[in-house]
Amino acid sequence: MSINIQAYQNILQEIKHKSTLVAVSKTKPVEDIKELYNLNQRDFGENYVQELVEKEAQLPKDIRWHFIGHLQSNKVKYIAQFVYLIHGVDSLNLLKEINKQAAKNNRIINCLLQVHIAQEETKFGFNESELHQLNTLEEFKNVNICGLMGMASFTDDMQKVRREFENLKTIYNKLSTYHLSFTTLSMGMSSDYKIAIEEGSTMVRIGSLLFGARTYNK
Ligand SMILES: *Cc1c(COP(=O)(O)O)cnc(C)c1O
């Protein structure tokens with residue numbers, strides 16, 4: 001197993017000044033992460049709590065770990081000490097638990113609210129009207145809600161993907177007018193990051209283009 005250095009450099013070139021690259025290393029060995037780390041990559045994304053905890057223990061402490069998977073409340077405690085940004089906050093209960101665990105660790109944890117933009121039933125997240133009703137966010141002193149995250153439909157119809165990203169950007173802009181801490185719009189993966197950047201993404205999450213196809217996909 002080895003990383004695709006050419007792809008890495010191309011992506012950096014393409015997203016320059018517009019978007020931050022989160023290298024999604026789920027299911028990939030620490031050796032691959034080290035290879036990218038040695039090229040100066042510092043933002044890495046993982047989907048599974050146990051896998052993240054194991055990797056974090058073995059890798060340099062200046063890595064910024066992004067949790068991009070579906071996070072269960074009862075597992076927040078395992079990553080609260082070190083996680084840099086939690087992308088998929090999809091309920092107030094989860095936010096409460098992150099706030100509690102962050103306080104225990106004397107930290108403020110960065111979070112993105114996940115927005116349901118795809119038509120598929122399976123994607124987690126808030127819808128737009130739910131987001132507008134979230135006026136209690138300031139209560140949470142140990143979380144910094146710095147933006148939104150979304151995933152487009154899994155489809156070959158790139159016009160549809162574009163519309164979904166465009167929709168998310170519109171929601172982001174509206175919410176930014178009263179959530180002044182908003183800085184980050186996390187959208188775009190290997191198959192659609194170019195479209196995401198055109199539609200205003202500030203953070204892309206790319207796995208298979210860098211690390212190769214995954215042999216399992218939970
Ligand atoms: C796995 C995953 C990615 C990366 O997907 P690739 O298609 O391999 O780039 C990005 N975002 C989320 C939420 C993921 O689960």
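How far does a polar side-chain atom of Ser190 lie from an oxygen atom of the ligand? The distance is 2.6 Å.

## About the model

This is a predicted model, in which local features need pLDDT of at least 70 and side-chain atom pairs count only at pLDDT 80 or more, while totals for chains, interfaces and linings use all residues. Residues are numbered from 1 along each chain as its sequence is written, and side-chain values use heavy atoms, with hydrogens and water left out.

## Around the ligand

The ligand is surrounded by 13 residues. The closest are Lys26, Asn47, Ser190, Ser208 and Arg214. By type, the shell holds six nonpolar, four polar and three charged residues. Here Ala, Val, Leu, Ile, Met, Phe, Trp, Tyr, Cys and Pro count as nonpolar; Asp, Glu, Lys and Arg count as charged; the others, Gly among them, count as polar.

A polar backbone atom of Gly207 lies 2.8 Å from an oxygen atom of the ligand. For Arg214, an N or O atom in the side chain is 2.8 Å from a ligand oxygen atom. On its own, the ligand has 390 Å² of accessible area, and the protein covers 90% of it. Such areas come from the Shrake-Rupley method with a 1.4 Å probe; for residues, only the protein chains shown count as cover.

## The nonpolar cores

In soluble globular proteins, nonpolar side chains tend to be buried together. A nonpolar core is a set of buried Ala, Val, Leu, Ile, Met, Phe, Trp, Tyr and Cys residues joined through side-chain atoms within 4.5 Å. Buried means under 20% relative accessible area, exposed means over 50%, and partly exposed is in between (1.4 Å probe, protein chains only).

The largest core here has 60 residues. Ile86, Ile98, Leu113, Leu148 and Leu210 touch the most other members. Helix H7 (residues 158–176) gives the most to this core, with six residues. Helices (H or I, at least four residues) and strands (E, at least two) are DSSP runs, numbered from the N terminus.

Take Ile98 as an example. Not counting residues up to four places away in sequence, Ile98 touches Val76, Ile86, Val89, Ile109, Cys111 and Val143. Contact means heavy atoms within 4.5 Å.

## Buried polar and charged residues

Which helix holds Gln101? Gln101 sits in helix H5 (residues 92–104). Gln101 is buried, at 7% relative accessible area. Beyond four places in sequence, Gln101 touches Val76, Lys77 and Ala80. The side chain of Gln101 also makes a polar contact of 2.8 Å with the side chain of Glu97. A polar contact is a pair of N or O atoms within 3.5 Å; within protein, one must be able to donate a hydrogen and the other to accept it, and residues adjacent in sequence count only if both atoms are side-chain atoms.

Gln114 belongs to strand E5. Its relative accessible area is 4%, so Gln114 is buried. A polar atom of the Gln114 side chain lies 3.2 Å from the backbone oxygen of Phe124. Contacts of Gln114 beyond four places in sequence include His87, Asp90, Phe126 and Met151.

Arg42 lies in the loop between helix H2 (30–38) and strand E2 (43–46). Arg42 counts as buried because its relative accessibility is 18%. The side chains of Arg42 and Asp62 are joined by a polar contact of 3.1 Å. Thr184, in strand E7 (residues 184–186), is buried too, with a relative accessible area of 10%. Leaving aside neighbours within four places in sequence, Thr184 is in contact with several residues, including Leu112, Cys146 and Tyr172.

## Two exposed loop residues

His17 lies in the loop between helix H1 (5–15) and strand E1 (20–24). His17 counts as exposed, at 80% relative accessibility. Its phi is positive, about 65°, although His17 is not a glycine.

Asn106 lies in the loop between H5 and strand E5 (109–115). Is Asn106 buried or exposed? Asn106 is exposed, because its relative accessible area is 74%. The phi of Asn106 is near 55°, a positive value in a residue other than glycine.

Key
A residue is near a molecule or strand if one of its heavy atoms lies within 4 Å of it.
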